[in-house]
Amino acid sequence: SEFRQKTNIPLEIPFFVLFSIISGFLLEKGVYVETEEGNILPDIWTVILASSGAGKTYTQNKISGGLSETMKEIEFPGTGIVSSAAFVQALSRKPRGLWVRDEFAQQLKAMEQTNGPMAEMKDVMLQRYDNADISRETKNDTVVVENPALTILGLTVLETFKDYVTAESMLDGHAQRYGYVVAKQDPQRPW
């Protein structure tokens, strides 16, 4: 209601930000739905696509700020992840919760690289999507993350998304696992 009445921010943004926070909270608390085919975890992957200046980061910061104690519990420390190894290390410390990533199209592009520090990231993400155990050898030991589950909230600019993520990337198994939300200005709510 606050966003609807006092801003011209597309309402999809606050809705999916809050939805993702709730999902991360449920994951952190160990909530799942039991079915005959197995447990269903509330780990959703959402990418919000909106124009620059539409209020993506502002909205995420406002809602997260109002829930600061909850965010401390659930937030995955993945802001500065620059390698697959760093991601697995962070996941071993925080296997359940919410990963919020601004400029997510750049993260998706980095995951497409076949060499370099992010080369294994796409495979790790596919394992993570299936909640499969993730194992990674390091110089000193083996890092194992059992049954990881993250809700992912990616925020990125709609107009430049195609510059980072190719049609081929969108058709492979990784990019199809995200729900894409296109948030456009509502002409009925000029501010």
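Asn131 sits in the loop between α7 (121-129) and β5 (134-137). Helices (H or I, at least four residues) and strands (E, at least two) are DSSP runs, numbered from the N terminus. The phi angle of Asn131 is near 60°, a positive value in a residue other than glycine.

Asn147 also has a positive phi, near 50°. Asn147 belongs to the loop between β6 (142-145) and β7 (149-157). Its relative accessibility is 34%, so Asn147 counts as partly exposed.

## Basis of the model

This is a predicted model, in which local features need pLDDT of at least 70 and side-chain atom pairs count only at pLDDT 80 or more, while totals for chains, interfaces and linings use all residues. Residues are numbered from 1 along each chain as its sequence is written, and side-chain values use heavy atoms, with hydrogens and water left out.

Thr46 is part of strand β3 (residues 45-50) and counts as buried because its relative accessibility is 6%. Contact here means heavy atoms within 4.5 Å. Not counting residues up to four places away in sequence, Thr46 touches Phe16, Ser20, Ile152, Leu153, Gly154, Gly179 and Val181.

Phe161 is found in helix α8 (residues 158-164). With 10% relative accessibility, Phe161 counts as buried. Phe161 and Phe104 are 57 residues apart in sequence, and their C-alpha atoms are 8.9 Å apart in space.

## The whole protein

The protein has nine helices and eight strands. Its C-alpha atoms fill a box of roughly 55 × 35 × 35 Å along the principal axes.

Of the 191 residues, 42% are buried. Among contacts between residues at least 6 apart in sequence, 73% join residues at least 24 apart. The accessible surface comes to about 10,300 Å², of which 52% belongs to carbon and sulfur atoms, by the Shrake-Rupley method with a 1.4 Å probe.

Note on methods: Buried < 20%, exposed > 50% of the residue type's maximum accessible area, 1.4 Å probe, protein only.
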